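Colleague: I am new to reading protein models. Could you take me through this one, a few residues at a time?

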Amino acid sequence: METRMSSVELLLDDGAEAQVRAEWSALADAGLSSLARHDAASNRPHVTLLARIGLPALPLEHVELPVPLVLGPPMLLGSSDRRVLARAVLPSPALLALQATVRAAAGPADDEHFLPGRWLPHVTLARRLRLVDIPTALALLGGRIDASAVAIRHWDPATATLTTLASS
């Protein structure tokens, strides 16, 4: 039985991706937790639109891209002694409509994280960031990043495959 989460992810334009990767590098260069340390081909700055166990690649060729995005202030996720550091993605009507389209294509599910009013769009910068390192990490981040969502991909960890579902 499949137990790994597959996901549908929104990819950023080259300029915004470079800005996020620069923040990843700044965190890593300071000796802090950072996604820069992960060198897998699947490791790109992205916004997860939906994640489910065994989620198949969805027919999304009718989706219109690019979609404007704003990567806003940093946010912390989690409640333990280590947190996820991310950039909030402002939930514009276009982004919310796109995520609703993906949810509808996938069909009903019980994961509350991706339901309307519960989904927190974000781009992850670091996982397992120690509480004591949060002030240092925040000081390394820049301001708002204006971006465009230029592609949607499906990540299947069971087969380690990435499939482009839509692109501009």
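Colleague: Which residue does the side chain of Arg21 meet in a salt bridge?
Modeller: Happy to start there, with two quick notes. This is a predicted model, where local features need pLDDT of at least 70, side-chain atom pairs count only at pLDDT 80 or more, and totals for chains, interfaces and linings use all residues. Residues are numbered from 1 along each chain as its sequence is written, and side-chain values use heavy atoms, leaving out hydrogens and water. A salt bridge here is a side-chain nitrogen of Lys or Arg within 4 Å of a carboxyl oxygen of Asp or Glu, and at 3.0 Å, N to O, the partner of Arg21 is Glu17.

Colleague: Where do Arg21 and Glu17 both lie?
Modeller: Helices are DSSP runs of H or I with at least four residues, strands are runs of E with at least two, and both are numbered from the N terminus. Arg21 and Glu17 are 4 residues apart, about one turn of the helix, and both belong to helix α1 (residues 14-29).

Colleague: Is Glu17 buried or exposed?
Modeller: Buried means under 20% relative accessible area, exposed means over 50%, and partly exposed is in between (1.4 Å probe, protein chains only). Arg21, at 32%, is partly exposed. Glu17 has a relative accessible area of 10%, so Glu17 is buried.

Colleague: Which residue is linked with Glu17 and Arg21 in a network of salt bridges?
Modeller: The model has 7 salt bridges by this rule. Some of them join up into a network, and in this one the residue linked with Glu17 and Arg21 is Arg44.

Colleague: How far apart are the closest N and O atoms of Arg144 and Asp146?
Modeller: Arg144 is exposed, at 55% relative accessibility. Arg144 forms a salt bridge with Asp146, and their closest N and O atoms are apart by 2.8 Å.

Colleague: What separates the C-alpha atoms of Leu69 and Ser148?
Modeller: Leu69 lies in strand β3 (residues 67-77). Contact means heavy atoms within 4.5 Å, and Leu69 touches residues including Leu10, Val89 and Ser148. Leu69 and Ser148 are 79 residues apart along the chain, yet their C-alpha separation is 5.3 Å.

Colleague: How many residues are in the largest nonpolar core?
Modeller: A nonpolar core is a set of buried Ala, Val, Leu, Ile, Met, Phe, Trp, Tyr and Cys residues joined through side-chain atoms within 4.5 Å. Leu69 is buried, at 3% relative accessible area. Among the members that touch the most others are Leu10 and Leu69, and the number of residues in this core is 41.

Terms used
Lists of a residue's contacts leave out its neighbours within four places in sequence.
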